[in-house]
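Biologist: I would like a close look at one part of this assembly, the contact between two of its chains. Please take it slowly and give the cut-offs as you go.

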Number of protein chains: 6
Amino acid sequence: MVVSAHAADFVWRAGGAIARCVEDGGSVTVLCLSYGERGESAALWREPGATLETVKAARHQEATNAAETLGAAIEFLDAGDYPLTVTDAVLDALVALFRREQPDVILTHAARDPYNLDHALTHELVLRARMVAQAHGLPDRETEPLGAAQVLAFEPHQPEQCDFVPDHLLDITSVFERKHAAMKCMGGAQGHLVDYYVDLATRRGVQAVRNGAPRSVARAEAYMRTFPTVGSSLW
Amino acid sequence: MVVSAHAADFVWRAGGAIARCVEDGGSVTVLCLSYGERGESAALWREPGATLETVKAARHQEATNAAETLGAAIEFLDAGDYPLTVTDAVLDALVALFRREQPDVILTHAARDPYNLDHALTHELVLRARMVAQAHGLPDRETEPLGAAQVLAFEPHQPEQCDFVPDHLLDITSVFERKHAAMKCMGGAQGHLVDYYVDLATRRGVQAVRNGAPRSVARAEAYMRTFPTVGSSLW
Amino acid sequence: MVVSAHAADFVWRAGGAIARCVEDGGSVTVLCLSYGERGESAALWREPGATLETVKAARHQEATNAAETLGAAIEFLDAGDYPLTVTDAVLDALVALFRREQPDVILTHAARDPYNLDHALTHELVLRARMVAQAHGLPDRETEPLGAAQVLAFEPHQPEQCDFVPDHLLDITSVFERKHAAMKCMGGAQGHLVDYYVDLATRRGVQAVRNGAPRSVARAEAYMRTFPTVGSSLW
Amino acid sequence: MVVSAHAADFVWRAGGAIARCVEDGGSVTVLCLSYGERGESAALWREPGATLETVKAARHQEATNAAETLGAAIEFLDAGDYPLTVTDAVLDALVALFRREQPDVILTHAARDPYNLDHALTHELVLRARMVAQAHGLPDRETEPLGAAQVLAFEPHQPEQCDFVPDHLLDITSVFERKHAAMKCMGGAQGHLVDYYVDLATRRGVQAVRNGAPRSVARAEAYMRTFPTVGSSLW
Amino acid sequence: MVVSAHAADFVWRAGGAIARCVEDGGSVTVLCLSYGERGESAALWREPGATLETVKAARHQEATNAAETLGAAIEFLDAGDYPLTVTDAVLDALVALFRREQPDVILTHAARDPYNLDHALTHELVLRARMVAQAHGLPDRETEPLGAAQVLAFEPHQPEQCDFVPDHLLDITSVFERKHAAMKCMGGAQGHLVDYYVDLATRRGVQAVRNGAPRSVARAEAYMRTFPTVGSSLW
Amino acid sequence: MVVSAHAADFVWRAGGAIARCVEDGGSVTVLCLSYGERGESAALWREPGATLETVKAARHQEATNAAETLGAAIEFLDAGDYPLTVTDAVLDALVALFRREQPDVILTHAARDPYNLDHALTHELVLRARMVAQAHGLPDRETEPLGAAQVLAFEPHQPEQCDFVPDHLLDITSVFERKHAAMKCMGGAQGHLVDYYVDLATRRGVQAVRNGAPRSVARAEAYMRTFPTVGSSLW
């Protein structure tokens, strides 16, 4: 389960994890709260005749293609961007989704991002929806309360400025081509970021090896946990 | 591999992890930098005729019994306590041990403890020894450089005052009787702590369940990672 | 003055402080923003025929009994839980209460709790209401502006995950039986927590002694200050 | 560009920077979100016959005089104080102003202030408005997207309690008389603060010299950056 | 008990607390680890014929006069400054002093000071000596182990840069004249600091009132606790 | 002035700043505390017949070539690595150098690096030497006390794990070829790092533009300040 503030965030930041999870036989649903239509579609707005509708439609298509490439289902809430507006309906929709999907892990933005408050708001929304979805007394009697799902923050654009400290480096070497292909789906709006995120995956891969991964790991994504892990072994 | 500032720390704080690792077929070596002879043996000093030698001997025996109960090998450096004195020889001994044992994980004290600077110094010593043991240019040509061993801090007595934030809750339910027995070995000097650490294990067990462990988890130990984890799945 | 997000929080987390204050001749008012009816009443929802109304009524009764046992007055705002909804009316009610009661100390939740955003929201609400209640220009001309009340956070369930660092350990030994009795009032919904909080009181008691309290201190509660203390002696 | 929660904040906290900027040939616009009419006008409320309108009018006049003294333009949003209420209209107004003024630097409150949540809310509002103003897809097609404006926090009343760490000490020696005159304009409401802020400017001046400023620096103001600086030299 | 890295620190930073404690009938011993002869005696070095001995002697005299003015005993270890050198003998001397004096509270420098590592080293030394002095097994059998003494950091010159957050504001109004007189004793070396610290006392006094002290409080000193307080009331 | 723990650190981490400073007409001295002979010369140790002397000699040559390429003077202290050993002589040498060179800015490692304690120790050494070099009472009467030099940390290998937050992004576009050439000088020992640091420079360049640098900026280096900046303008 991935909750993305804007339509493209899940591709750049968590595309490897999604593809990896699918490769391992899991199923992934991506929820885009908005299309990033106002704030992250500069290239589309430069096209002649661009309107809010054409931009949203283009972003919808791009994100759908990217999700398909990664093997994930995708849904959109169209809650508006720059600023993202979190109404009761948005919260309720997310709660319903959590109870329907019963995710073990939820990927979303980091808790802080001074460049982009939509990201921070999404993090807070996810924590709130997680809490509500765990309640036993919701009107919806047909779904089960959500369990203690882990919330993992994916990497923001400028991690140090966002208090983002990687505590898990995920090997995405085997699915990197798939992530690369998904990133290219976003070309209309944010094509200049592809190289940036290829380099980042390489950088995180080098760091993974420095932290004990096998030398065969060439690409990685960084994640930050919200809650402690539990288990019966130390690593 | 466990590095303990004083002879008893490894029992209270990491006894479950040791027993668990042994139960899973691993081997564990405990290194006690000192006997805690001056600072953590109040009961022994109250015995008539107590001298530094008798106290050390008693602590040596207790710790040896506890390690045996847990299934671990144990070594002592007798480097002095209150204050612990880290000489070049102590560092060299630790480096040699790391290269001989090639641990994947090293358990030790947290980085900060305003109540007990021996603990903080041990943490720093472990990081320094880990770094040195990784060097390719040591005079010792017969051992291999150490890999990227994880360093896990076990729980200090007053965790919040030590900036200790649990990021792994280890299920020790199945080995708790063994830990309990090991704790009782320390009776001469610090018997009053047994109840305290039983309660703590229960408390961490409740928290483990709150963070997603099965309800069968009744006892746990808390750990804090120094380095990010690496892997091919998200949890 | 205690501001509790849900009907039971004040019992587990601050029951000792309340009883202690009453024992010392003070008066305490507890304000419950909600009944915790949706999120913290799992046992009540398992009863046949449970509805939002029956659950609220049961929680109202339990909390009222607990407050009475502790010697405190209690009021309810019924603002909803999971999520708590802070309207202007809720803020106004709290401001009015602060100006009526003129508390020296306000006990409430900690500033951060990733498990329970209702708690964090309550903390923020209290700080906002405190600020508003200090204003000289409110329409209400009959009450005095609030003074510089201290805001103390009581202990969350998983303190380290909430950046909660105890900076005051309150001796509740003499009133612990009363707290115990109050905790038992909450049996219908959260009875399993009684043992947990008995253990916690013992643990904080041991730590109090470690920090200089007399050995007679057997039970304590932990608090975190928001503002500096002032005074004419150093301790 | 300065965004001030209440009508007087910009004078005490950033008056030197404003005067300095004007002296250097720049232009400065101050935006006051509220008049501080309820919470920061105690002296005005003590005048006989004071009403919300008279207090606001007095504050409007004082702040206008102060801005004029400093050489800045000033605008008011009258959004209410204690608590400040951030509606969509307030956000839109700020976005429009940012796009009209295209500021390189925005001065505002620090991110945290437990004494005064209006201040923290203003900081968050500024970051949100900055983000929105950078979007390419706003309905307003006549203004350009805002660039990467720096956001500098000016000094809160109790900096340490607000996590405020000065990372820039601005020499205001040459314009201090002007700031002093502007502070005196606020006499009706907050005259007692003039001495306090004179002392503070001296204190920050001493510290500036300690950090390498010439000995001629006698008065300074402290600022905290939100974003990294960029440039082609190291200092 | 006050532990001061250099001969004058205790005057500027803790003079009020010392005088206050003496006024209340307590006894205070000041320990100066060095004279600050190399690093904090610029004015003395400018005198013709200055040598290390003349500077030390002058500083010895000044500090003795200041301590006498405050009503405190004073001792010097002459351990060298810039850099302070902490040998085993220095640690042993401090441990012996702690066991002889059995202080309830120890005042010293903050844990961090990037401008002056002698200060940070003194803080660490105090924590280490406190720990050693608590040990039951020291060779010295004639003194009792130290109890759980609180360690309070007094205010560094640039508090925000030193992570210094005041959590206690001590009213020194009634003894301020005495502190002022003591500060003037340091005239030879650091006379320019008197005004600075008068202003600081006023500033902290204003803040004390803001945090609930009576309006009669005009001067204060700021302190930061190392350990939690314990007690039977909430404030 | 650059202080590098090992012979190559200054190239990877600060080569651009050095070249930039030289290009702007400044002079730069690099001080290598050690050759990194044991810990950062794996490739050299794999050569047949390698001894400590041959490795040191090779590293000496490489670093000298790199410094020459960058236009900097270079000196070596040969203080040993893994672990670096800071003796009084090392401190004295650094103090003497600071007083001789009178740097405005000192570049060195970050304050924390759990992977490499030599780096953290170097940071602490630099702060200590800076403090000592500022003292008026040093035996050396022929040099002037050092001024308030800024200490800038260059970027560690895994910045987030080292609490490294960039607060200055230095444009090195115009000198990048020179840095690239200097990095290639280190080929014998650490050639695999060249690509990594080319990518990093690109990444920091993209971020510089995001923070307001002109679009022509293609390569940058990140720095973290230790002390506040001072100046007469806000940016």
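This is a predicted model: local features need pLDDT of at least 70, side-chain atom pairs count only at pLDDT 80 or more; totals for chains, interfaces and linings use all residues.

Modeller: Residues are numbered from 1 along each chain as its sequence is written, chains are lettered from A and ligands numbered from 1 in the order in which they are written, and side-chain values use heavy atoms, with hydrogens and water left out.

The same surface serves both copies, since 100% of the contact residues of chain A recur in chain B. Contact here means heavy atoms within 4.5 Å, and 30 residues from chain A and 30 residues from chain B take part.

The area buried between chain A and chain B is about 2500 Å², and carbon and sulfur atoms give 61% of this area. Buried area is the accessible area (1.4 Å probe) that two parts lose on being put together, summed over both. Between chain A and chain B there are zero salt bridges, a salt bridge being a side-chain nitrogen of Lys or Arg within 4 Å of a carboxyl oxygen of Asp or Glu.

Several elements of chain A each supply at least two residues of the side that touches chain B, among them helix 1 (9–23), helix 8 (193–210) and strand 6 (168–171). Helices (H or I, at least four residues) and strands (E, at least two) are DSSP runs, numbered from the N terminus. Strand 6 of chain A gives the most to this side, with four residues.

Strand 6 of chain A also pairs with strand 8 (residues 229–231) of chain B, in the parallel sense and over three bridges. Two strands pair if DSSP finds at least two bridges between them. Within this pairing, A:Leu169 has B:Val230 of strand 8 of chain B as its bridge partner.

Chain A and chain E do not touch, and their nearest C-alpha atoms are 18 Å apart. Chain B and chain D do not touch either, with nearest C-alpha atoms 18 Å apart.
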